[in-house]
Amino acid sequence: MSQSLKGKTALITGSTSGIGLAYAKALAGGGVNVVINGFGDADAIEKERLGLEALGGAKALYSGHDLTKPDQIEAMMQEAASAFGGVDILINNAGMQHVAPVEDFPVDKWNLIIALNLTSAFHTSRLAIPYMKSKKWGRIIQTASAHSLTASPFKSAYVTAKHGLAGFTKTLALELATFGVTANCISPGYVWTPLVENQIPDTMKARGMTREQVMNDVLLAGQPTKQFVTVEQVAAMALYLCGDAAANITGANMSIDGGWTAQ
Ligand code: NAD
């Protein structure tokens, strides 16, 4: 961890579970103040929040707003600004999935996935950029996906949102290049988190498969290493992107997918 991250503030969307929580742990462990966001059981979230503060002695704030709603994103950014004076590191990570053929894809699910997986990153970015520009330093990291580079059937909204996120990130990189602010995507393959576990029943239904067939023939079929990526491996990439060594990495899409998109 770069010394220079101590005392900075990171806002990580969708960080009450899975990959987001791993980012929060990695950054908090290095003395970075963290704003965590997402849904879940209040007691469990408070326990995680206290755990984050114990890791590196920095502050952890929970902001439980719904990121499909722009006014709630504005409220979250206000809370971050009141507590810490702004945001230095923004990690757009909140995301959801729905698996169905295009002709059966529920319209409300399409709208929700685009709002959460894509549009929320526009709102958090537009609100965080002024703080970063004023300090001439910032990091914007998106949890994109192998699905920002390639497609799978039955995941139309998700694939559309993630490809959009990758394009948005390249635009951010160009606009912010002279302000000391980098913008990059991290694109994992299958990481074992609740998001992956929860899509197994729908994939079983859509493809007429057993749970084991979904695990081996769908999820890990395209991942040549035949291993799930770990949340810690994804968080380590984010820490690297935040450091000085990555100051000239911008507009990149960093794959951590066991070779999936090499095929
Ligand atoms: P997860 O389900 O464990 O976490 C999702 C987080 O988003 C949770 O904290 C949840 O509460 C939060 N969230 C959901 N709806 C929200 C809303 N409306 N407002 C605010 N927060 C909300 O999932 P994960 O696997 O850790 O996924 C995190 C990110 O990683 C997602 O963007 C996902 O697309 C991406 N990703 C995951 C994988 C994988 O295999 N798990 C692979 C590639 C990319």
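Phe154 lies in the loop between strand β5 (138-143) and helix α5; helices (H or I, at least four residues) and strands (E, at least two) are DSSP runs, numbered from the N terminus. The model is a predicted one, in which local features need pLDDT of at least 70 and side-chain atom pairs count only at pLDDT 80 or more, while totals for chains, interfaces and linings use all residues. Residues are numbered from 1 along each chain as its sequence is written, and side-chain values use heavy atoms, with hydrogens and water left out.

Let us stay with Phe154 for a moment. Its phi is near 75 degrees, a positive value in a residue other than glycine. With a relative accessibility of 27%, Phe154 counts as partly exposed (buried means under 20% relative accessible area, exposed over 50%, and partly exposed in between, with a 1.4 Å probe and protein chains only). Lys226 also has a positive phi in a residue other than glycine, here near 60 degrees. You will find Lys226 in the loop between α8 (211-219) and α9, and its relative accessible area of 48% makes it partly exposed.

Thr169 has a relative accessibility of 1% and so counts as buried. Leaving aside residues up to four places away in sequence, Thr169 touches Gln142, Ala183, Asn184 and Cys185, where contact means heavy atoms within 4.5 Å.

Next come two helix pairs. Helix α1 (residues 18-29) packs against helix α9 (residues 231-242) at an angle of about 50 degrees, with the axes 8 Å apart. Here axes are lines fitted to C-alpha atoms, for helices over the stretch in contact, and angles run from 0 to 180 degrees between N-to-C directions. That angle makes α1 oblique to α9: under 35 degrees counts as roughly parallel, over 145 as roughly antiparallel, 65 to 115 as roughly perpendicular and the rest as oblique. The contact is made by Gly18, Ile19, Ala22, Tyr23, Ala26 and Leu27 of α1 together with Val231, Val234, Ala235, Ala238, Leu239 and Cys242 of α9. By class, this contact has eleven nonpolar residues, one polar and no charged ones (Ala, Val, Leu, Ile, Met, Phe, Trp, Tyr, Cys and Pro count as nonpolar, Asp, Glu, Lys and Arg as charged, and the others, Gly among them, as polar).

In the other pair, the axes of helix α3 (residues 70-84) and helix α4 (residues 107-135) come within 10 Å and cross at roughly 30 degrees. α3 and α4 are therefore roughly parallel to each other. On the α3 side the contact is made by Pro70, Ile73, Glu74, Met76, Met77 and Ala81, and on the α4 side by Ser120, His123, Thr124, Arg126, Leu127, Ala128 and Tyr131. These residues divide into eight nonpolar, three polar and two charged.

Now step back to the whole chain. Its secondary structure comes to nine helices and seven strands. The radius of gyration is 18 Å, close to the 18 Å that the globule rule gives for 263 residues, so the chain is as compact as a globular protein of that length; the radius is taken over C-alpha atoms, and the rule is 2.2 Å times the number of residues to the power 0.38. Along the principal axes, the C-alpha atoms fill a box of roughly 50 × 40 × 35 Å. Buried residues make up 50% of the 263 residues. Among contacts with a separation of 6 or more, 72% come from residues 24 or more positions apart.
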